[in-house]
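Please look through the sequence and the model shown below before reading on.

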Amino acid sequence: MTINTGAPVVVGVDGSDSALEAVRVAAREAEQRRRPLRVVHAFSWPLTLTAAELGPAPFAGQAEGLRGEAEEFVSQALAEARKVNPEVPASGVVVDGSATRVLLDESRDAALVVLGHRGLGGFADLLIGSVTVQVSARAECPVLVVRGEPRADGPVVVGVDGSELSTEAVRFAFEQASQRSTSLVAVHAWLNPVVLFPGDVSPLMVDLSTVAEEEERVLAESVAGHAERYPDVSVRHELVHGSPAQALVEKSRDAQLVVVGAHGRGALGGLLLGSVSHTVLHHAHSPLAIVRHLRTTDGS
């Protein structure tokens, strides 16, 4: 198999089991996309260990030891990637800086950034969650968050709300469904509109059947053009009257992958900053792809 050059699949590692799960997924993504794999560890000196506290000699020794540990994380990750497919070109690097800044820099030239859901230490879930949220919200390529080994079957599920970033998410979801030779489930969730008269506290009565028709139109129009470009992908529309986050979490139980835009409108607005992000990132039962900007197939 020939692997094309161009924008790599980047995976962030920290020596954790979660990171190795992400490496295995990233290696398969690189294989499917015919892209090289780039393993990255962000190295920063612990704030509690300063030269003033440790003195010049101990500080130098400690720095050498921690740097060696960081390089070992990368070596272990590369060995794990080769187990998946030794033919995928893979390289590794230790980059000085915070995890968020390093990964955002990497995203500028990447086709995809892959992250594990958890990291190391007692604050692992909090820290990786923070990094994941920040990188997903600002990355210049899609971000794939891995939660354990993904399913080999099931559809790709995409959240649709008609926004510009939702359109990017739909494009990415069709691409993924085509690569995985599986179907696509397009989910659009809506809540009852609450409109107040000026100076009134009573909700305006609306015809819910009319609202549902409009929401169905948004869903159909969001998917239509992409369906024509991917005739090999079977598409099912699902209009859900309820919470977008709950709908996506529920659909993730049987999905290979759930795809959402980094931000949306209406109930999906502020996806990575509010309750929807917390629910989907922390409770989805499948890997989650968060799309802010989608590279074209030539890597641009």
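In this predicted model, a salt bridge joins the side chains of glutamate 140 and arginine 108, with a distance of 4.0 Å from N to O. The two residues belong to distant parts of the chain, 32 residues apart, since glutamate 140 lies in the loop between α5 (124–138) and β5 (143–146), while arginine 108 lies in the loop between α4 (99–107) and β4 (112–116). Glutamate 140 has a relative accessibility of 34% and therefore counts as partly exposed, and arginine 108, with a relative accessible area of 45%, is partly exposed as well.

Salt bridges that share partners also form a network, which joins Glu29, Arg33, Glu175 and Arg180. Within this group, the side chains of glutamate 29 and arginine 180 meet in a salt bridge of 2.9 Å, N to O. Because glutamate 29 lies in helix α1 and arginine 180 in helix α6 (residues 164–180), this pair ties together parts of the chain that are 151 residues apart in sequence. Both glutamate 29 and arginine 180 are buried.

A further salt bridge brings together the side chains of glutamate 80 and arginine 24, at 2.8 Å from N to O. Glutamate 80 is in helix α3 (residues 56–84) and arginine 24 in helix α1 (residues 17–33), so here the pair ties together parts that are 56 residues apart in sequence. Glutamate 80 has a relative accessibility of 14%, and because buried means under 20%, glutamate 80 counts as buried. Leaving aside residues up to four places away in sequence, glutamate 80 touches Leu20, Val23 and Arg24.

| Salt bridge | N to O distance |
|---|---|
| glutamate 80 and arginine 24 | 2.8 Å |
| glutamate 29 and arginine 180 | 2.9 Å |
| glutamate 140 and arginine 108 | 4.0 Å |

Aromatic rings come next. A pair of aromatic rings is described by the distance of the centres and the angle of the planes. The count for this model comes to one aromatic pair. In this pair, the rings of phenylalanine 174 and tyrosine 230 have centres 5.8 Å apart and planes at 25°, and because planes under 30 degrees apart count as stacked, the pair is stacked. Phenylalanine 174 lies in helix α6 and tyrosine 230 in the loop between α7 (208–229) and β8 (235–241), so that this pair, too, links distant parts of the chain, 56 residues apart. Phenylalanine 174 and tyrosine 230 are both buried. An aromatic ring also takes part in another kind of arrangement, in which the charged end of arginine 67 sits over the ring of phenylalanine 43, at 5.0 Å from the ring's centre.

The view can now widen to the whole protein, which has nine helices and 10 strands. Of its 300 residues, 45% count as buried. Among the contacts between residues at least 6 apart in sequence, 80% join residues at least 24 apart. The accessible surface comes to about 14200 Å², and 54% of that area belongs to carbon and sulfur atoms.

What lies inside? In soluble globular proteins, nonpolar side chains tend to be buried together. The largest nonpolar core of this model holds 43 residues, and Val11, Leu37, Val114, Val158 and Val259 are the ones that touch the most other members. Helix α1 gives the most to this core, with seven residues. Apart from this core lies another one, of 31 residues, including Val10, Val187, Ala189 and Ile290. As for valine 158, if residues up to four places away in sequence are not counted, its contacts are Ala169, Val170, Ala173, Leu184, Val185, Ala186, Val187 and Val259.

Arginine 34, which is found in the loop between α1 and β2 (37–43), has a phi near 55°, a positive value in a residue other than glycine. With a relative accessibility of 36%, arginine 34 counts as partly exposed. Serine 181 is placed in the loop between α6 and β7 (184–190), and its phi is also positive, at about 55°, although serine 181 is not a glycine. Is serine 181 buried or exposed? Its relative accessible area is 68%, and because exposed means over 50%, serine 181 is exposed.

Conventions
Residues are numbered from 1 along each chain as its sequence is written. This is a predicted model: local features need pLDDT of at least 70, side-chain atom pairs count only at pLDDT 80 or more; totals for chains, interfaces and linings use all residues. Side-chain values use heavy atoms; hydrogens and water are left out. Helices (H or I, at least four residues) and strands (E, at least two) are DSSP runs, numbered from the N terminus. Buried means under 20% relative accessible area, exposed over 50%, partly exposed in between (1.4 Å probe, protein chains only). Rings of Phe, Tyr and Trp (its six-membered ring) pair if their centres lie within 6.5 Å; planes under 30 degrees apart count as stacked, over 60 as edge-to-face and the rest as tilted. A charge sits over a ring if NZ of Lys or CZ of Arg is within 6 Å of the ring centre and within 35 degrees of the ring normal. Contact means heavy atoms within 4.5 Å. Accessible areas come from the Shrake-Rupley method with a 1.4 Å probe; for residues, only the protein chains shown count as cover. A nonpolar core is a set of buried Ala, Val, Leu, Ile, Met, Phe, Trp, Tyr and Cys residues joined through side-chain atoms within 4.5 Å.
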